[in-house]
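Please look at the sequence and structure below before reading on.

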Amino acid sequence: MSVLAPASEAELAETVAALTEPVEIRGGGTRAGLGRPVQAGATLSTEGLSGVSLYEAGALTLVAGAGTPLAEIEATLAAEGQRLPFEPMDHRPLLGTTGEPTIGGVVACNVSGPRRVQAGACRDSLIGVRFVDGAGRAIRNGGRVMKNVTGYDLVKLMAGSHGTLGVLSEVAFKVLPAPEATATLLIEGLSDAGAVAAMTAALGSPYDVTGAAHLPAGPEGAPLTLIRIEGFEASVAYRAGRLKDLLGGRGESGLELGTIPEHRDDLWAAVRDARPFADRPGAVWRVSLKPSDAPTLVAALPEAEAFYDHGGGLVWLRVEETKDAGAAAVRDALAPLGGHATLVRATPAVRAAVPPFQPEPAPLVAVSAGLRARFDPRGLLNPARMAP
Amino acid sequence: MQMPEADADVLSRRDAILARLARALPADALVADPVETRAYDCDALTAYSCSPLAVCLPRTTEEVAAVMRLCAEEGVPVIPRGAGTGLAGGALPTGDAVILGVARMNRVLETDYANRFIRVETGRTNLSVTGAVEADGFFYAPDPSSQLACAIAGNIAMNSGGAHCLKYGVTTNNLLGVTMVMADGEVVTVGGPFADAPGYDLLGLICGSEGQLGIVTEAWLRILPKPEGARPILIAFDAAETAGACVFDVIKAGVLPVAIEFMDKPIIHLTETFVGAGYPMDAEAMLIVEVEGSDAEIDDQLARIRAIAEKHAPMEIRESASAEQSAAIWKGRKAAFGATGQVADYLCMDGTIPTSALPEALRRIAEITADHGLRVANVFHAGDGNLHPLIMFDANKPGDLEKAEACGAAILSVCVDLGGCLTGEHGVGVEKRDLMHRQYGADDLDAQMAVKDVFDPAWRLNPAKVFPLDASASRRAAAHAAE
């Protein structure tokens, strides 16, 4: 398949305007298995749109080309003691992909991680975009300031639109200071319901929890609940102590406190990247719902393996890769509770047969189709990727 | 300021339209007497007003839907209204339009502490959302300064901010879902009490769309546990540039205050005369920096801020050690708009700039107001670069309002030139509508208007707002011809 790789936004606009057949848009290709499979005659790569164009640490602002490797952005921020607030997931372990994730891919898929529970999703930190729509027009929305209500917020619309409304050329973020210290409270032996109750108590406290996850089968085999706090050293120690008091008496072995032991220091990365399911077969679902409903959902799916993030507001499920990857069972179990289920890992054939994204009610399907028709009237950008 | 001419056809059918509305609504939900509708002739941008065709004040989503269906059938423009506290004229009617106000829909529908959300009808005021949960240790974060009066509906329409958004974000970061009545009267739910609604981020589009995409009647809002405490520090400087550099250094050092407020000399003096807060009168600029946490955490953060401030040779530092001292430090800041209103009429600008451009922005604002022969006082959210220059004028002096408006437009142009934007939290409305060309090119505006085409093909919802009239003219005309 031919690869188009424009070196500037102007070239990108020319390239898109001149398209005569559908293209699959590609950043680093590490998230290529998300959504419906795309039938395209060529690949449109953003690798030529790379580089941090503006970084003001004192203004908490970073602007970069969509093709900039995520690693480059994280290194740039780390040099000034800052970071992206939303802790984007690395999809490579779960999807078995290779290559370098790009910041444009993070935005296009609205990728977040465990800190989403406190710092919001990718879309919450995104303050500006430039993109080329399906007609080849270069469009700008938002900017480089964190408070901006000038006109409609197309920034949010572009986040998570999987390249179906336009090709991102540049993205701007509000960034945050990286903390001086981090501590994770570990509780062993909780039931799913007990873990959600503990995480709810922690997240409902004033101690500014930045991660709350539960692994029913932790690294040692026993259930493990993780509660993270970050900040200045003395503050972290204080809040860890208060949380320990608050959660005391829960779990079989009580609370383990302080920094995570060395052999477990990749636990948050494991939660972020859904590593418990990475080297195991089967389809993988990501379900968003009310935390209090999460144990009910998991109990209703006894065949599925599950773990919890976002204090229970996110449930990862691994199911047998049947014809529909368990879509009917998962969505039926979810329907009475409310929420949405996204099929994150399945074969292209399954993703063609089953809607990977939660089906929307008819009036919203019409709105989404209307937006797509206006932003990509010829239907050339990642066609069908988000099709209902 | 120009508004489209009222549709003569609609005006000629006024009685029939009112009769239909009267049949669709309870008797007290329709206001048509021109004396009684006067309260709805304008919002807080009082310089512009117009009598609407009628005012509808429904109590249920079904009644809102009935009005929307009826207006769609009759081709009547609809102007959504919350509490009418908007500063940009977003709720300004035209003579052929029905005002659809949600102020009577103010119930709390559900409070769920375990899942940290509240569901309310959108006529509820911002402060009373926090009021409904604070006894249980929670709060709703966005806190626009009109929070005692402003409605959640308007907060969503304008994507309102407030003093504390440096840490907690603005409305769009705290909105989980909405019930919305579409232009044709269909009722839809977007999002809900869970994160990251699937598909296109329609919730993100709706928030900040100034009532042009639908009428939001109910909302799921994120609530947060209240911090253990909060205390401010006051730092005075002999130059605005130094204050700006201090803000930059505080943020760069990894301290994330909940608020960083900036006041310049004129506003310090105005508030001193008004409420006697005891601010340093010889300072050129003053910062109020507030941090949150336990007492020890607050002490630690204030010590860090003090250490940074001391490198900038401050004239004075006042660290609050008690609730009384905190109130004293905030007293003048909270009275800033009232104090200015005591001595002059004023226009409150709302541009945002990158915080690194603060000194230059202040210098150019001073030059521009001097060139216009006007006075300006500056009070704003420095942490996020959201400026609020108060341009003072005399409304009784012919030509003075126009002079102040020209001055404001020049200031907003500077904000755009410095890499910022026209409005950080008040919205575009009619006030900044014609400046949109300054910030966005034709294609940028066209992409935004394409969104409205999808939600409101007939361009009947708040049609003359946000977009310059020349930019939206062909769309409004085409929609009208199609009806």
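Helices α8(B) and α13(B) are roughly antiparallel to each other, a label used for angles over 145 degrees. The model is predicted, so local features need pLDDT of at least 70 and side-chain atom pairs count only at pLDDT 80 or more, while totals for chains, interfaces and linings use all residues. Residues are numbered from 1 along each chain as its sequence is written, with chains lettered from A and ligands numbered from 1 in the order in which they are written.

**Helix pair in chain B**
- The axes of α8 (residues 240–252) and α13 (residues 358–371) of chain B come within 8 Å and cross at roughly 150°.
- The crossing of α8(B) and α13(B) is right-handed.
- From α8(B), B:Ala240, B:Glu241 and B:Gly244 meet B:Leu358, B:Pro359 and B:Leu362 of α13(B) (contact: C-beta atoms, placed from the backbone, within 7 Å).

**Nonpolar core**
- The largest nonpolar core has 280 residues, and A:Val315 and B:Val98 are among those that touch the most other members.
- Beyond its neighbours within four places in sequence, A:Val315 contacts residues including A:Val287, A:Leu289 and A:Tyr308.

**Positive phi in chain A**
- Most residues other than glycine have a negative phi.
- A:Asp208, not a glycine, has a positive phi of about 55° and sits in the loop between α8 (192–203) and β12 (209–215) of chain A.
- A:Asp208 is buried, with 20 other C-beta atoms within 10 Å (buried: 20 or more such atoms within 10 Å).
- A:Ala325 also has a positive phi of about 55°, and its loop joins β17 (314–319) and α12 (327–334) of chain A.
- A:Ala325 is buried, with 24 other C-beta atoms within 10 Å.

Key
Axes are lines fitted to C-alpha atoms, for helices over the stretch in contact, and angles run from 0 to 180 degrees between N-to-C directions. Helices (H or I, at least four residues) and strands (E, at least two) are DSSP runs, numbered from the N terminus. Angles under 35 degrees count as roughly parallel, over 145 as roughly antiparallel, 65 to 115 as roughly perpendicular and the rest as oblique. A crossing is left-handed if the near helix is turned anticlockwise from the far one by less than a right angle, and right-handed if clockwise. Two residues are in contact if their C-beta atoms, placed from the backbone, lie within 7 Å. A nonpolar core is a set of buried Ala, Val, Leu, Ile, Met, Phe, Trp, Tyr and Cys residues joined through C-beta atoms within 7 Å. A residue is buried if 20 or more other C-beta atoms lie within 10 Å of its own, exposed if 12 or fewer, and partly exposed in between; C-beta atoms are placed from the backbone.
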